[in-house]
Amino acid sequence: SADADGFGSAEGVGIVLLERLSDAQRNKRNILAVVRGSAMNQDGASNGLTAPNGPSQQRVIRAALADAGVTPSEVDAVEAHGTGTTLGDPIEAQALQATYGRDRERSLWLGSVKSNLGHTQAASGVAGVMKMVLAMRHGVVPATLHVSEPSPHIDWSAGAVELATEAIEWPDTGRPRRAGVSSFGISGTNAHVILEQAPEPEPVEVTPRPVVPWVISAKSESALRELAERVAEYGADRAAGDVAVGLAGRSVFDHRAVVVGEDPVALMSGIARGESPAGVVHDVASPVDRVVFVFPGQGSQWVGMAARLLDESPVFAERMGECAEALAPFVDWDVFDVLGDEVALARVDVVQPVLWAINVSLAAVWESLGVVPGAVVGHSQGEIAAAVVAGGLSLGDGARVVALRSKVIAARLAGAGGMLSVAAPLDQVTSRLVDGVSVAAVNGPNAVVLSGDPEVLEQLRTDFEGEGVRARMVAVDYASHSEHVEASRPSSRALVGGGAASRVGSRSIRPSIPRGWTRLS
């Protein structure tokens, strides 16, 4: 303004995601702009802590232009540091006139986003970058606000630099739009970047699908017919794929129809008339309970688990008592006695039945509160608990299976194997596998568990850690999810026997599900 007297302080944060242009184009990124060149320098304490240094500003601008490989006249606008002070603004304007204001046909448009936001301090530079990226994308140089007249402390005739006091359509130069952005720190550090309009994306050849589904839904049958008629009219002169994409993003209601055919318009017209020709699926959705109970396997336990809940939840305590009674014929210990026994819980033939009982009892608590699952799924003893909760196994059958199965593991597998957790991708881990070790689980992109012979696993652990890859032995002394487990199959079948054994396999549960339940194997 005519009498700039300081700046308004603000707060902000900005993030810029950078990628090499060739990589971004290959990866089909949405490129917003290109950093054509940049430069930084430091003028030191040549003129106090906060006073800017004009020659240093000129040098950093010229260095950025040189780095970008462009001339000053090939830059259309500059986002100034522009704090609104009587000392700093004239110095910056003179530096811009000396660098950008010479030998150009069009004036350099000058502005500052601080007139919109205030001085966002450490984020002020990136705020300027964001402003000019958006400006180039929209083809408009934004107005700098609150300028009553150009500062009289600046000789505006010394170079072709003009304030953008109103929104200006970006000049059509026949080349990419370019803008400079300045940011000057109070410590004497100066930065300037040259931004360039993003290149036009390469055309992508899309092969249209000959047949795509058109999906519609409504709250009533009559509304569905009306919608089908509107869709048929709308899609008559549009690409089938475009219509399909638009319909896929709509809200979903109970009355639904899907058409799949070479002439989806005709099929939609058929629905509008109340017909169901070939290529049309038309029905009313049934209510679905979206609650799923997931029952974990071994590893979720801790000493003292469930003790507090036994005191506070009569439902939990009652169901735990029923589980303990069901387990009693198959074990020589009491469920309630071992909950706080660290030594006992370290035994697989104890911890697995106990976890099974807790899983089943927790489900009873949720159900007493009105949370009833529409599906159940589980792993290991959690799988057996899921079968009991779903009604596929009786409580007695579930207790028999989990107790005798864990005894087989203790007798046939315990002490003869181990498991190793490796924080590395699957392909990196599998390339190191040797006889006696196999992949037990893939828990994530960089989380693989190996299972097998303890000596081999220990050597692999040493090798991985020597390469800087985190690897640790799991606290278990048998090799789950490996060929070791096959040795227990005959014993498991012989011990469990009866109908329960035929209904629970090594990997999936196939119970008869009561009405209202959904089985997940």
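How accessible is Glu467, and does that make Glu467 buried or partly exposed? With 46% relative accessibility, Glu467 counts as partly exposed. This is a predicted model. The protein has 521 residues, and 41% of them count as buried.

**Overall build**
- The protein contains 19 helices and 18 strands.
- Take the contacts between residues at least 6 apart in sequence: 74% of them join residues at least 24 apart.

**Salt bridges**
- Side chains of opposite charge can pair when their charged atoms come close.
- The count of salt bridges is 16.
- Glu467 pairs with Arg432 at 3.0 Å, N to O.
- Arg432 sits in the loop between α16 (426-430) and β15 (437-444), and Glu467 in the loop between α17 (454-466) and β17 (471-473), so this pair ties together parts 35 residues apart in sequence.
- Arg432 is partly exposed, at 25% relative accessibility.
- Arg461 and Glu465 form a salt bridge at 2.7 Å, N to O.
- Both residues lie in helix α17, four residues apart, or about one turn of the helix.
- Asp237 is exposed at 62% relative accessibility, while Arg238 is partly exposed at 41%.

**A charged patch**
- Asp334, Asp337, Asp341 and Glu342 gather in a patch of negative charge on the surface.
- Asp341 lies in the loop between α11 (335-338) and α12 (342-345).
- Asp341 is partly exposed, with a relative accessible area of 31%.

Terms used
Residues are numbered from 1 along each chain as its sequence is written. This is a predicted model: local features need pLDDT of at least 70, side-chain atom pairs count only at pLDDT 80 or more; totals for chains, interfaces and linings use all residues. Side-chain values use heavy atoms; hydrogens and water are left out. Helices (H or I, at least four residues) and strands (E, at least two) are DSSP runs, numbered from the N terminus. Buried means under 20% relative accessible area, exposed over 50%, partly exposed in between (1.4 Å probe, protein chains only). Contact means heavy atoms within 4.5 Å. Patches are made of residues with over 30% relative accessible area and no salt bridge: like charges are joined within 9 Å, nonpolar side chains (Val, Leu, Ile, Met, Phe, Trp, Tyr) within 5 Å. Accessible areas come from the Shrake-Rupley method with a 1.4 Å probe; for residues, only the protein chains shown count as cover. A salt bridge is a side-chain nitrogen of Lys or Arg within 4 Å of a carboxyl oxygen of Asp or Glu. Lys and Arg count as positive and Asp and Glu as negative; His and the chain ends are not counted. The place of a charge is taken as NZ of Lys, CZ of Arg, CG of Asp or CD of Glu.
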